[in-house]
Amino acid sequence: MKPLICNLKMEHNLQDILKYKQELENCVGSFSLVVCPPYCYLPVMHSRYYKIGAQDVSPYGNGSYTGRVSAETLKSLDVYGVLIGHSEIEETFENKLKKLRRVVSEGMHAYVLISETKEEHDYQYTYVKLMNKIRAYLSRVLQKDYKNITFIYEPSWLIGGNNAIDSKELSNLFYQIKKELQYEYRFDFPLFYGGGISSSNIRELYENDVIDGLLLGNFCKRAKNVVNFLQNDENSTRLDTSIHN
């Protein structure tokens, strides 16, 4: 089963989040799931049926940084992975890089979001822009940490909508990127997709052989959407709490 990441953003109060958890735990089937609730709900979201992730992390270590949450703290909460570089959080590349390093240094998984602008996409610069960003990250991390890095292509202009990049376009794009990364770094980096995922396109994206996983936003606001999708999967026959290597 391909991994799904549920970014719950800032949508739920405590009662909502407990109900969300219960609905996921009642789901019968085989699935690989990472749930990213707001920071304050991380302790209550622990479950043997899925992994928990954080929506962000501080670029700093432990110290006098009011309002921040360090990678070390997240690790102590048994957080599996962290979203890094979401377009809704305005920050510099250097800040994102610091976060990436903090996360992998604690042995957690870094889900690094990359995008281009709408204009760059329209002018067919997507491949070049994404590869340049990936190279910028990989040139400044250790090879031993590659196994803890996943790149997620999430077009910033599609976030919050119901229209995703065409599946065939993604196939061509991901194939090129994977081929180039294997050639340059001798490593098979997982490539996920997010942005504009809805009930009308999630099945096609999920079944795309070149896409390794999906980052869900608005679609996963209601646990019912996720549960229905998982339970309608014809290959879902047993519970699998693994995520990916």
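Trainee: Let's start with the overall build. How many helices and strands does the protein chain have?
Mentor: Good place to begin! Keep in mind that this model is predicted. Counting along the protein chain gives eight helices and eight strands.

Trainee: How does the radius of gyration of the protein chain compare with the globule rule?
Mentor: For 245 residues the globule rule gives 18 Å. The protein chain comes close to that, so it is as compact as a globular protein of that length. Its C-alpha trace spans about 45 × 45 × 30 Å along the principal axes. The radius of gyration itself is 17 Å.

Trainee: What share of the residues counts as buried?
Mentor: A residue is called buried when its relative accessible area is under 20%. Applied to the 245 residues of the protein chain, that gives a buried share of 51%.

Trainee: Among contacts between residues at least 6 apart in sequence, what share joins residues at least 24 apart?
Mentor: Contact here means heavy atoms within 4.5 Å. Taking the contacts between residues at least 6 apart, the share that joins residues at least 24 apart is 71%.

Trainee: And the charges: how far apart do the centres of the positive and negative sets lie?
Mentor: The protein chain carries 29 positive and 30 negative side chains.

Trainee: Now some single residues. Is asparagine 95 buried or exposed?
Mentor: First find asparagine 95 in helix α3, residues 93-105. Its relative accessibility is 18%, and the cut-off for buried is under 20%. So asparagine 95 counts as buried.

Trainee: Which side chain does the side chain of asparagine 95 join in a polar contact of 3.3 Å?
Mentor: For a polar contact, the N or O atoms must be within 3.5 Å. At 3.3 Å, the partner of the asparagine 95 side chain is that of glutamate 91.

Trainee: Which residues does valine 227 touch, not counting those up to four places away in sequence?
Mentor: Valine 227 sits in helix α8, residues 223-231. At 10% relative accessibility, valine 227 counts as buried. Once residues up to four places away are set aside, valine 227 touches Glu23, Leu24 and Cys27.

Trainee: What is the phi of aspartate 78?
Mentor: Look in the loop between α2 (71-76) and β4 (81-84) to find aspartate 78. At 55% relative accessibility, aspartate 78 counts as exposed. Although aspartate 78 is not a glycine, its phi is positive, at about 65°.

Trainee: Last one! Is arginine 186 buried or exposed?
Mentor: Arginine 186 is in the loop between α6 (167-185) and β7 (191-194). Its phi is positive, near 55°, in a residue other than glycine. With a relative accessible area of 57%, where exposed means over 50%, arginine 186 is exposed.

Notes: Residues are numbered from 1 along each chain as its sequence is written. This is a predicted model: local features need pLDDT of at least 70, side-chain atom pairs count only at pLDDT 80 or more; totals for chains, interfaces and linings use all residues. Side-chain values use heavy atoms; hydrogens and water are left out. Helices (H or I, at least four residues) and strands (E, at least two) are DSSP runs, numbered from the N terminus. The radius of gyration is taken over C-alpha atoms; the globule rule is 2.2 Å times the number of residues to the power 0.38. Buried means under 20% relative accessible area, exposed over 50%, partly exposed in between (1.4 Å probe, protein chains only). Lys and Arg count as positive and Asp and Glu as negative; His and the chain ends are not counted. The place of a charge is taken as NZ of Lys, CZ of Arg, CG of Asp or CD of Glu. A polar contact is a pair of N or O atoms within 3.5 Å; within protein, one must be able to donate a hydrogen and the other to accept it, and residues adjacent in sequence count only if both atoms are side-chain atoms.
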